[in-house]
Amino acid sequence: MSFRFKPTELQHFNWMFNLAPCFPVNASKINIINEPNKFYDTIYERFKNAKRRISLASLYIGTGELEKKLLEITVHNVRNTKDLNFHVLLDYQRGTRGKDNSQTLFRQFVNGISDRCHLALYQTPRLHGTWSKALPSRYNEIVGLQHMKLYIADDSIILSGANCSNDYFQQRQDRYIEIEDQDLANFYCELIDEVAKHSKLDQSDPITSNISKEVVIKQVNQNIKYLINKWKDRQASKLSSLNESITDKDTWIFPLIQMGEFNINQDEQATCEILSSAPEGSLFRLATGYFNLTEKYADILLRQCKASISLLMAHPNANGFMGAAGPAGGIPHAYSLIARKFWQQVVNFGQMDRVQILEYERTGWTFHAKGLWYYPPSSNVPWATVVGSANLGERSVRRDLEAQAAIFTSSLDLQERLHNECSRLHDYASECSTDLQKRQAPLWVRATVGLFRTYF
């Protein structure tokens, strides 16, 4: 049975039902969080009051006071709640960096209940064996990372691009969308569990240490595809059997996974199709903390996309790498240089009236928000958004593990809340095409950006 969106404004995206499992919900089950401190308060309360499960996926957990308080209240809840389990998935390279790190902090808090508190540390197969030790700390992180950001408590899941760390709880702007739905939470929990199976479990040897990289890639590819197809079939069956009763649902959620090194390209496919499917007169507002569009994305935006485009990225002063020691300090300049080259393409294609490029700059803040908002023709509010951890760039598509969701809605209330979310980010944005032309990147950045672009 083929499924279709009921609203005509969404008919261009009916192909989504064939790409990913669909989870219909009511807009009242979706909570849009706009501020970093509210994000922290929300996960603190959810983890404090969870009764059945807590699952967290992040690049790392910071070692500041806010992170310690979060772990403390979470572990306290686990100790006092029978059958409550706490699962954490982090990146191995980033989570074990330095003497005091995510792993050592986790061990401090879970002493005595390690049977119900589980830490998995994912390591890209590219670094299995001697490669993990061959590259220096920090530099080994450019090869590939666990980059999904998922915060699950019982049937509530927060999709975000924010790490579980102090900066992201205070003055580092990201996006945070909470959805209450048991099936959707089950899906993302199973995703975390699947990656954990191929990760180093805390206080044990890597379970993949004696398995070749090729075998690991094949296993993960098969298992993730099985997970996606299982849920597609399950949700399709549910949609078919409940066809009459789901007409009251006004919002449709499609989880999207991107794991380029395992040949899982669901999010890339969805992004390309979304950008290509929108009709003339519509608008896409896109955001990324790190501007480095893949050639495919740039080509679609300039050659195939009929909608108007607004691209929001971090000003160099709002880039988290600004002022960093060593080569990392050149990263903000590299992103500006990449953006300048893209804008030159816009000019060469005569697309200046259709494409706009903006930068976010807010005193004392950094910018890490990512995703897109879709405004149909003649609409002042978005009817769809994509939210999650991916940055529309080379790293997200080729190297890192990413988890996203495409959300389509006919609810005016949710549309207005999504518009408010998007507008708040643009309150600190200004058009930057002229400034990009004037900026001078250091010579060494200009000389090397092309060589290392796929690592950004």
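This is a tour of a predicted model, given as a series of selections in the viewer.

Residues are numbered from 1 along each chain as its sequence is written. Because the model is predicted, local features need pLDDT of at least 70 and side-chain atom pairs count only at pLDDT 80 or more, while totals for chains, interfaces and linings use all residues; side-chain values use heavy atoms, with hydrogens and water left out.

**Whole chain**

Start with the protein chain, which has 15 helices and 20 strands. These elements are DSSP runs numbered from the N terminus: helices are H or I with at least four residues, strands are E with at least two. Of the 456 residues in the chain, 59% are buried. Buried means under 20% relative accessible area, exposed over 50%, and partly exposed in between, with a 1.4 Å probe and protein chains only. Among contacts between residues at least 6 apart in sequence, 81% join residues at least 24 apart. A contact means heavy atoms within 4.5 Å.

**The eight-stranded sheet**

Next, select the strands S2, S9, S7, S6, S3, S4, S5 and S10, which form an open sheet of 8 strands in that order, with mixed pairing. Two strands pair if DSSP finds at least two bridges between them. At the edges are S2 (30–33) and S10 (200–201), each of which pairs on one side only.

Now select S4, residues 85–91. S3 (residues 53–57) pairs with S4 in the parallel sense over 5 bridges. To follow this pairing, pick Ile54, which stands opposite Phe86 in S4, and then Leu56, which stands opposite Val88. Between S3 and S4 the chain passes through helix H3 (residues 65–80), and this β-α-β crossover is right-handed. A crossover is right-handed if, with the strands pointing away from the viewer, the path from the first strand over the helix to the second runs clockwise.

S4 is also joined to S5 (residues 117–122) by 6 bridges, and these two strands run parallel. Pick Asp91 here: its bridge partner in S5 is Tyr122.

**Helices across the sheet**

Angles run from 0 to 180 degrees between N-to-C directions, and axes are lines fitted to C-alpha atoms, for helices over the stretch in contact.

**Gln103**

Move to Gln103 in helix H5 (residues 102–110). This residue is buried, with a relative accessible area of 11%. Beyond its neighbours within four places in sequence, Gln103 is in contact with Gly95, Thr96, Leu119, Leu121, Lys200 and Asp202.

**H9 and H10**

Select H9 (residues 266–277) together with H10 (residues 295–304); their axes come within 9 Å and cross at roughly 10°. The two helices are therefore roughly parallel to each other, a term for angles under 35 degrees; over 145 counts as roughly antiparallel, 65 to 115 as roughly perpendicular and the rest as oblique. H9 makes the contact with Asp267, Glu268, Thr271, Cys272, Leu275 and Ser276, and H10 with Lys296, Tyr297, Ile300, Leu301 and Gln304. These residues divide into 5 nonpolar, 3 polar and 3 charged. Nonpolar covers Ala, Val, Leu, Ile, Met, Phe, Trp, Tyr, Cys and Pro, charged covers Asp, Glu, Lys and Arg, and the others, Gly among them, are polar.

Keep H10 and show its buried residues: Tyr297, Ala298, Ile300, Leu301 and Leu302. They pack against H9, S14 (308–314), H11 (331–348) and H12 (394–398). Ala298 has 8% relative accessibility. Its C-alpha is 10.0 Å from that of Cys272, 26 residues apart in sequence. Leaving aside neighbours within four places in sequence, Ala298 is in contact with Leu293 and Phe342.

**Phe291**

Finish at Phe291, in the loop between S13 (283–288) and H10. Phe291 is buried, at a relative accessible area of 2%. Which residues surround Phe291 in contact, leaving aside neighbours within four places in sequence? They are Leu311, Met313, Tyr335, Ile338, Ala339, Phe342 and Ile357. For Ala339, 48 residues apart from Phe291 along the chain, the C-alpha separation is 6.4 Å.
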